[in-house]
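Please keep the sequence and the structure in view while reading.

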Amino acid sequence: MFTGIITDVGTVRTAEQRGDLRLVIDCGYDMAGVDLGASIACSGACLTVVDKGEGWFAVDLSAETVSKTAPGLWQEGARLNLERALRLGEELGGHLVTGHVDGLAEVIGLCPEGDSLRVGLAVPAALGPMLAAKGSVTLDGVSLTVNDVRDEGEQTHFSVNIIPHTAQQTTLASLAVGRALNIEIDVLARYLQRMVAARSSH
């Protein structure tokens, strides 16, 4: 489990297509304290450390993971939001995040608002019922609060605000219209939606 509070921004040093896609990611973590087999969320996708050294770690991405996540993330030079797995007893600063990507959100608008940036996003309508104003959502691994939600036919539109601290500590400072972001719905909303669907099918 994760919290959506980013603790480092890593850079993909190499991307090598083997049976799976092997990434070597440069980071600021003390890797002596990270075990092989540990989970690190990389821009919202929970990945397993398969090799490591001073200032870097390696992960393998299956074709399924690559196909279900935002394009452009898994290539040399790409910057990734990193978060190590939550330990029991640690402060939960964001919200509970599983590191399982539910889909892609497309940036459809950017508007400065005070010192913050208001970001408009579009997702497939199927994800709409699991988004709620003042609820939580994870975008490229970052825990954010939903401002508002509007159903627009085959899409649902919503917005979030990115404060300067979040922009400085993550990759979200470089957002542009048209960019796709990994989205993870709040885990409680996911279970509630499943319960409602199961009840209505009986």
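In this predicted model, strands β2 (residues 21-26) and β5 (residues 56-61) run antiparallel and are joined by six bridges. Within this pair, L21 faces L61 of β5. The pairing belongs to a closed barrel of six strands, in the order β1-β2-β5-β4-β3-β6, with antiparallel pairing. From one strand to the next, the twist averages 45 degrees.

In soluble globular proteins, nonpolar side chains tend to be buried together. The largest nonpolar core here has 24 residues, and the members touching the most others are L121, V137, L139, F158, V160 and I183. Two or more residues of this core come from each of β7 (103-113), β8 (116-124), β9 (136-139), β10 (142-152), β11 (155-162) and β12 (180-185).

D140 lies in the loop that links β9 and β10. Is D140 buried or exposed? Its relative accessibility is 1%, and because buried means under 20%, D140 counts as buried. Apart from neighbours within four places in sequence, the residues in contact with D140 are S43, G44, L73, N81, T171, R179, L181 and N182.

Methods
Residues are numbered from 1 along each chain as its sequence is written. This is a predicted model: local features need pLDDT of at least 70, side-chain atom pairs count only at pLDDT 80 or more; totals for chains, interfaces and linings use all residues. Side-chain values use heavy atoms; hydrogens and water are left out. Two strands pair if DSSP finds at least two bridges between them. Helices (H or I, at least four residues) and strands (E, at least two) are DSSP runs, numbered from the N terminus. Axes are lines fitted to C-alpha atoms, for helices over the stretch in contact, and angles run from 0 to 180 degrees between N-to-C directions. A nonpolar core is a set of buried Ala, Val, Leu, Ile, Met, Phe, Trp, Tyr and Cys residues joined through side-chain atoms within 4.5 Å. Buried means under 20% relative accessible area, exposed over 50%, partly exposed in between (1.4 Å probe, protein chains only). Contact means heavy atoms within 4.5 Å.
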